[in-house]
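Student: I have a structure open and would like to go through it bit by bit. Can we start with how to tell inside from outside?

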Amino acid sequence: ASIPLSDGLFQSLGSTNYTLAQHTVKVRRSGQITDIHLLLDMERAGEVCDTGFDVDEINAFEPNRNCRGSKNDRSMSSKTRTPESNLRDRLFDRFQSVEAFNLKSLPNEMVAALRFFEHERKDKPSLNWGEVDMIKLGQYIISLCSATKELLESEPRLLKLEAPCYILGDLHGNYQDLVCFEKTLWRVGPHLTPANFLFLGDYVDRGDYGIEVVSHLFAQKLQAPSNFFLLRGNHEVRDIQQMFTFQQECLKKFGARHGMNVWNAVNDAFDCMPLAALVDKKIFCIHGGIPKLDGCLSELDNIPCPLPTPETQSSLAWQMMWNDPIAAEDMTDDVLEQLVGNKGFAYNEKRQTACVFNRAAFDSFLKRHSLTHVVRAHEVKQAGFEIQQGGRLMTVFSSSHYCGGSNEAACILVHNYRMRAIRIDTS
């Protein structure tokens with residue numbers, strides 16, 4: 001079983017008891033966290049006498065509090081765990097919580113830097129870094145990517161999440177819209193918001209601010225690893241970025257040599273991203289579309305990690321990143337013949353790769369895996385979302401005015417046994 005790393009969950013595996021968080025935070029009306037205090041340092045601190053840990057035990061393990069510990073230790077089954085490994089994990093949980101509010105930590109400093117980038121000031125226009133040493137910034141982003149890669153490597157290829165959960169689609173370097181979603185959905189940060197956040201991929205290409213989008217998302221992932229999740233889309237692949245804009249964006253912003261280092265570091269993290277998620281065991285979420293899967297969903301966890309060349313390494317991964325539901329205008333005699341002979345799948349002529357699938361294949365997929373709905377991204381929609389396949393497939397797109405168009409941005413909220421489309425005003 002995985003260990004929750006979110007703030008306030010300081011209980012051992014299998015425990016249902018709540019304990020006090022160590023600290024309190026002060027939040028501005030803008031949502032910015034400005035002050036952190038230990039409860040023990042505040043008035044009536046004597047009332048804070050038991051937060052679930054024995055002080056002597058904590059002191060005994062003090063030298064280990066600043067390391068991540070063994071991934072194998074943290075993923076052991078309960079049958080093989082020792083009291084020492086349980087305590088180490090509980091201390092690690094607590095360390096992660098404290099670090100989430102450390103304003104000098106790597107992710108928090110990146111978020112603070114992006115705040116400067118976001119706001120217009122007298123000495124610089126908005127969405128401009130101003131007088132910044134881009135080489136040092138690039139090195140900082142490389143460190144951010146390395147830490148995120150380590151975290152993503154520890155996650156399964158098929159995430160299992162619970163509601164409430166916000167699901168966002170393609171962003172494509174649209175940093176302005178990402179900030180709109182942040183202000184609307186997790187204004188005080190994902191670690192203080194009682195919900196999961198799931199992003200379905202395509203963070204870069206076609207927009208001007210791919211590196212800012214990636215830096216923001218990676219920082220948030222490090223701040224709240226147990227409720228901020230990033231799936232891989234078809235643009236999180238080196239060959240695709242070389243055809244589009246993200247590689248050139250990195251070279252332009254950081255220079256030829258350092259730009260390649262930044263680009264490679266980002267893609268090293270992309271290579272380790274999960275590929276699918278289940279919400280409440282009923283809603284299957286991917287970037288592209290359902291794959292041709294004869295076995296059970298657990299087979300997705302056998303997809304290699306890292307996955308630098310998904311097209312040749314894993315047909316399942318490639319399909320989940322690229323597949324589309326068949327559109328009526330694309331139905332030809334040849335496509336129909338393929339659908340009939342291939343259990344509802346056919347070659348995706350529009351993409352020139354992967355597959356399209358029809359209603360029969362979709363319904364069979366849901367029934368075989370005891371699912372009720374699928375949420376995917378991958379296609380721009382005028383209202384930011386579209387309901388398809390008899391109301392059981394939702395496509396969501398979270399970048400407005402895509403490629404100069406007039407489409408809106410939206411997200412999906414899964415909560416209280418409902419799936420609600422939320423359109424965000426990004427004007």
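Tutor: Start with the cut-offs: a residue is buried under 20% relative accessible area, exposed over 50%, and partly exposed in between. Keep in mind that this is a predicted model.

Student: OK. So is Arg351 buried, exposed or partly exposed?

Tutor: Arg351 has 25% relative accessibility, so Arg351 counts as partly exposed.

Student: Where does Arg351 sit?

Tutor: Arg351 is in a loop, with β10 (345-347) on one side and β11 (355-357) on the other.

Student: And what is Arg351 in contact with, leaving aside neighbours within four places in sequence?

Tutor: Trp322, Asp324, His378 and Glu379. For Trp322, which is 29 residues apart from Arg351 along the chain, the C-alpha atoms are separated by 7.9 Å. With His378, a polar atom of the Arg351 side chain lies 3.0 Å from the backbone oxygen.

Student: What does the side chain of Arg232 reach?

Tutor: It reaches the backbone oxygen of Phe270 at 3.5 Å. The Arg232 side chain also makes a polar contact with the side chain of Asp271, at 3.1 Å.

Student: What does UniProt place at residues 231-236?

Tutor: An unreviewed UniProt entry places a domain feature there, called "Serine/threonine specific protein phosphatases". In the model, residues 231-236 are 0% helix and 0% strand, and the end C-alpha atoms lie 10 Å apart.

Student: Switching to the surface. Which residues form a nonpolar patch there?

Tutor: Met331, Leu336 and Val340, with about 290 Å² of accessible area together. Met331 lies in the loop between β9 (324-325) and α13 (333-341). Met331 is partly exposed, because its relative accessible area is 38%.

Student: Now the protein chain as a whole. How many helices and strands?

Tutor: There are 14 helices and 16 strands. Of the 427 residues, 51% count as buried.

Student: How much accessible surface does the protein chain have?

Tutor: About 20100 Å², and 50% of that belongs to carbon and sulfur atoms.

Student: Last one. Of contacts between residues at least 6 apart in sequence, what share joins residues at least 24 apart?

Tutor: That share is 70% in this protein chain.

Notes. Residues numbered from 1 in each chain as written. Predicted model: local features only at pLDDT ≥ 70, side-chain atom pairs only at ≥ 80, totals over all residues. Heavy atoms only, no water. UniProt positions renumbered as here; feature names shortened; annotations may be inferred. Helix = DSSP H or I, 4+ residues; strand = E, 2+ residues; numbered from the N terminus. Buried < 20%, exposed > 50% of the residue type's maximum accessible area, 1.4 Å probe, protein only. Contact = heavy atoms within 4.5 Å. Areas by Shrake-Rupley, 256 points an atom, 1.4 Å probe, with all protein chains shown as cover. Polar contact = N/O pair within 3.5 Å; in protein donor to acceptor, adjacent residues only side chain to side chain. Patch = residues over 30% accessible without salt bridge, like charges linked within 9 Å, V, L, I, M, F, W, Y side chains within 5 Å. Salt bridge = Lys/Arg side-chain N within 4 Å of Asp/Glu carboxyl O.
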